[in-house]
Amino acid sequence: MTYPINGSCQCGGVRYTLKAAPLAVIACHCKACQKLSTSAFSITAVVNSEDVEFEGEMAEWSRLADSGNTNAARFCPTCGNRIYHYNPAEPGKIKLKPASLDDTSILRPTAHIWLSQKQAWFEVPEGVATHDGQP
Ligand SMILES: [Zn+2]
Ligand SMILES: [Zn+2]
């Protein structure tokens, strides 16, 4: 896989460039991620903030996670596509919502988390790390 890889929201108002491989690719099965992704789980790429460049205006919303950390989210104000999450207390890393990359073949999760809330029909692939909740 060669970098950079470009990405954009559904309407194209927000564009970004991922310049290096993610530190981790994680599938989260928690209820909040099911609601966010309108699917059985969400995929998150943890990346160094300096490895991604954004273009275009984003809106922000945040909530207090069960862990006590603030989970801030940036999204396109026009089409609503979620772009990334971050913890304001840890600005060096962001959690990219990478299904908006032009090439999503890098998105092979190496860990599946919050399996306690997963859909019963989903079978976790072999050879990945698994956690019932937040690791
Ligand atoms: Zn958009
Ligand atoms: Zn989740």
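Reader: What makes β6 count as lying largely in the open?

Author: Look at its residues one by one. This is a predicted model, and in it β6 has six residues, of which the number buried is zero. A residue needs 20 or more other C-beta atoms within 10 Å to be buried. No residue of β6 is buried, so the strand lies largely in the open.

Reader: And why is β6 called an edge strand?

Author: Because an edge strand pairs on one side only, and β6 (59-64) does just that, as does β11 (129-130). The open sheet has eight strands in the order β6-β7-β8-β9-β4-β3-β10-β11, with mixed pairing.

Reader: How do you know that β6 and β7 are paired?

Author: Count the bridges. Two strands pair if there are at least two bridges between them, and β6 and β7 (residues 70-75) have six, in the antiparallel sense. One spot to look at is Leu-64, which stands opposite Thr-70 in β7. The two strands form a hairpin with five residues between them, and there Gly-68 takes a positive phi near 95 degrees.

Reader: How many bridges join β4 to its partners β9 and β3?

Author: Four bridges join β4 to β9, running antiparallel, and Val-47 stands opposite Ile-94 there. With β3 (residues 24-28), β4 (residues 42-48) has five bridges, antiparallel again. Cys-28 has Ser-42 as its bridge partner in β4.

Reader: What makes a group of residues a nonpolar core, and which ones touch the most other members of the largest?

Author: The members must be buried nonpolar residues joined through C-beta atoms within 7 Å. The largest core has 15 residues, and Val-47, Val-52, Ile-83, Ile-94 and Leu-96 touch the most other members. The elements giving two or more residues to this core are β2 (15-18), β4, β8 (82-86) and β9 (93-96). The largest share, three residues, comes from β8. A second, separate core has eight residues, among them Ile-26, Ala-27, Cys-33 and Phe-41.

Reader: Which residues does Leu-96 touch?

Author: Not counting residues up to four places away in sequence, Leu-96 touches Thr-44, Ala-45, Val-47, Val-52 and Tyr-84.

Reader: Why is Tyr-3 called exposed?

Author: Tyr-3 has 12 C-beta neighbours inside 10 Å. Exposed means 12 or fewer, so Tyr-3 counts as exposed. Tyr-3 sits in the segment before β1 (5-8). Leaving aside neighbours within four places in sequence, Tyr-3 is in contact with Leu-18, Lys-19, Ala-20 and Ala-21. The C-alpha atoms of Tyr-3 and Lys-19 are 5.3 Å apart, though 16 residues separate them along the chain.

Reader: And what makes Pro-4 partly exposed?

Author: Pro-4 has 13 other C-beta atoms within 10 Å. Leaving aside neighbours within four places in sequence, Pro-4 is in contact with Thr-17, Leu-18 and Lys-19.

Technical notes. Residues numbered from 1 in each chain as written. Chains lettered and ligands numbered in written order. Predicted model: local features only at pLDDT ≥ 70, side-chain atom pairs only at ≥ 80, totals over all residues. Contact = placed C-beta atoms within 7 Å.
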